[in-house]
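I opened this entry to keep track of what I looked up, and in what order. The structure comes first, and my notes follow.

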Amino acid sequence: LTREPAIEIRTDLCDTHMYVFRYWVLDLLADEKHSKMSSIQSDFIPHLIKMQYRDPASLIPVRILEGVHKRRLELSNAMSASKRHVPTLDDIVRCYAFVVSASESYCRRADTIQKYAMINHEIAVLPVAATTPWESPISLSGLTYSSSVIGRDCEFGENISLKDCVIGNHCKILSGAKLNRCVLMDSVTVGANSTVQNSILCHNSIIQENCNLNNCQVAENGKVSKSSRLANEAVLQEES
């Protein structure tokens, strides 16, 4: 409180579970003293927060302190016009949080399959801006689609319907296929006259012709044999 008398406590923020460390912090995690820590979120982050504003010599092994001091000195000499300033090790542990504005940015935590799918569907209908990491919706003759994002170099047959889908790069959707609320990663093939709903198809997976999938997940390189009828299943290998 002496160092930081102005403190704001908030209860409306959500931890995204994304952390950025300096390399020496990972050395600290590997130290024998901290070997019993099993979770970065539950154990290590609270430990680092407690280490702030305390004497580093009593908390951090000497070999790590010396390495940090050397790197900070080299950085200071490289970037400063004066070579006489030597940085100290005061407050060597400093923790910061970046607060994302809900009105200006899009940020979600995809810690379940359901949330991952939801995020993809939400992104598909967001407006495209200069900083958006995907291209504007493309216009393809003979293809019916709405609220969908389509990747590069995809191949489409005739009479295809896409609704609320996110399609990766190099995908092949053959004639008569219908996809509703699906996520297709790169290089996925959906066979002719197949219907896929509420499903996630991972890289290089293949759905053969005349299949019907509802609420399924197909693993990378997975294959669903022709005329299969699947619901609420996870396909890890070829369906017989």
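**Around Ser 148**

I began with Ser 148, which touches Ala 124, Leu 162, Lys 163, Asp 164 and Cys 165 when residues up to four places away in sequence are not counted; contact here means heavy atoms within 4.5 Å. I noted that this is a predicted model, in which local features need pLDDT of at least 70 and side-chain atom pairs count only at pLDDT 80 or more, while totals for chains, interfaces and linings use all residues. Residues are numbered from 1 along each chain as its sequence is written, and side-chain values use heavy atoms, with hydrogens and water left out.

I found Ser 148 in the loop between strand 1 (143-146) and strand 2 (149-150); strands (E, at least two residues) and helices (H or I, at least four) are DSSP runs, numbered from the N terminus. Ser 148 is buried, at a relative accessible area of 3%, where buried means under 20%, exposed over 50% and partly exposed in between (1.4 Å probe, protein chains only). A polar atom of the Ser 148 side chain lies 3.0 Å from the backbone nitrogen of Cys 165 and 3.4 Å from that of Asp 164.

**Strand 4**

Strand 4 runs parallel to strand 7 (residues 178-180), and 3 bridges join them; two strands pair if DSSP finds at least two bridges between them.

**Asn 120**

I looked up Asn 120 in helix 4 (residues 113-124), and it counts as buried because its relative accessibility is 12%. Beyond its neighbours within four places in sequence, Asn 120 is in contact with Val 166 and Val 183.

**Helix 1**

In helix 1 (residues 23-30) I saw that Trp 24, Val 25 and Leu 28 are buried. They cover an arc of only 105 degrees around the axis, so they sit on the same side of helix 1; the arc is that of the directions from the helix axis to the C-beta atoms. The exposed residues Tyr 23 and Ala 30 are on the face of helix 1 turned away from its buried side.

**Confidence**

Last, I checked pLDDT, the predictor's confidence in each residue, from 0 to 100: the mean for the protein is 78, and 72% of its residues reach 70 or more. Over residues 75-89 pLDDT stays under 50. Where pLDDT is low, the predicted coordinates should not be read in detail.

Conventions. Polar contact = N/O pair within 3.5 Å; in protein donor to acceptor, adjacent residues only side chain to side chain.
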